Amino acid sequence: LGEKMSKNFLAILIVAFGGAIIYGLPYFRFDYYDVYLETYHLTNTQMGVFGSVLGVFGMISYLFGGVVADRVSTRIILTVSLIGTGLGGFLHLLPLGFKALVCLYAFWPACVKAVRILSDSGDQGKAFGFFEGGRGIAAALMAIAAVAAFRIGAGKMENQAQGMRYVIIFYSVLTIVMGILAFFTVKDQKMEASERISFKGIGEVLKLPA
């Protein structure tokens, strides 16, 4: 490993785990679909709308995410995204209606972009490999832990709604913790103006026939 990547290896793993964990709250509803419908008194159509809202806002955020990430502190972006998502999870514990839930889902898409500046240009292949591998491991561990949280919450009375609340608390707390760890491990690196993504550059790419 290169010197820069070795120095920032822990930070890359934190970003990888954060990159997996941050998607736990928006998508856990698929694993507890029937319980989610019953708890929030929703229809299948309304559940579908959540997916559409997440997709649309995700597309918009990714379009501008690179430009923002090049101009704002990476550490702050990661910290705010993770902690903000965790706090959104706690809001999810309230008896929200359909319109309120749509607003909540609209703010969840987050762009995590830090691996590039945490490794040397020659090590970015390895860095992204560790990043994706870390995300996969984190996702697997989270799934196991979430099932355990659900069983503890449901208890002997098989209260599935309570079990789902435990899952929300689990994901929310873990996401906030990852945000705090990101703040203390990810270090900002200065980028040359020529390396930054610009709106002009995006426009030029969109004009390409490919």
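Which residues have the most contacts inside the largest nonpolar core? They are F28, Y32, Y36, L42, M164, V167 and Y171, in a core of 31 residues. A nonpolar core here is a set of buried Ala, Val, Leu, Ile, Met, Phe, Trp, Tyr and Cys residues joined through side-chain atoms within 4.5 Å. The elements giving two or more residues to this core are α2 (9-21), α4, α5 (44-71), α6, α8 (124-154) and α9.

A word on the ground rules. This is a predicted model, where local features need pLDDT of at least 70 and side-chain atom pairs count only at pLDDT 80 or more, while totals for chains, interfaces and linings use all residues. Residues are numbered from 1 along each chain as its sequence is written, and side-chain values use heavy atoms, with hydrogens and water left out.

**Overall layout**

The protein has 10 helices and 0 strands. Helices (H or I, at least four residues) and strands (E, at least two) are DSSP runs, numbered from the N terminus. Of the 210 residues, 40% are buried. Buried means under 20% relative accessible area, exposed over 50%, and partly exposed in between (1.4 Å probe, protein chains only). Take the contacts between residues at least 6 apart in sequence: 81% of them join residues at least 24 apart. Contact means heavy atoms within 4.5 Å.

Helix α2 has 13 residues and reaches 18 Å from its first C-alpha to its last, close to the 18 Å expected at 1.5 Å a residue. The expected span is 1.5 Å times one less than the number of residues. Its buried residues include A11, I12, V15 and G19. Helix α6 (residues 74-91) has 18 residues that should span 26 Å, and its end C-alpha atoms are 26 Å apart, which agrees. Among the buried residues of α6 are T74, L82, T85 and G86.

**Where α4 meets α9**

Helix α4 (residues 33-40) packs against helix α9 (residues 160-185) at about 100°, with the axes 10 Å apart. Axes are lines fitted to C-alpha atoms, for helices over the stretch in contact, and angles run from 0 to 180 degrees between N-to-C directions. The two helices are therefore roughly perpendicular, a label for angles of 65 to 115 degrees. On the α4 side, V35, Y36, T39 and Y40 meet Q160, A161, M164, R165 and I168 of α9. By class, this contact has 6 nonpolar, 2 polar and 1 charged residues. Ala, Val, Leu, Ile, Met, Phe, Trp, Tyr, Cys and Pro count as nonpolar, Asp, Glu, Lys and Arg as charged, and the others, Gly among them, as polar.

T175 sits in helix α9 and counts as buried, at 0% relative accessibility. Not counting residues up to four places away, T175 touches I21, L25, L82, I83, T85 and G86. L87, in helix α6, is partly exposed, with a relative accessible area of 48%. Here are two pairs with their separations:

| Pair | Apart in sequence | C-alpha to C-alpha |
|---|---|---|
| T175 and G86 | 89 residues | 5.2 Å |
| L87 and I176 | 89 residues | 7.5 Å |

Most residues other than glycine have a negative phi. H41 has a positive phi of about 55° although it is not a glycine. H41 is in the loop between α4 and α5, and it is exposed, with a relative accessible area of 70%.

How values were computed
Angles under 35 degrees count as roughly parallel, over 145 as roughly antiparallel, 65 to 115 as roughly perpendicular and the rest as oblique.
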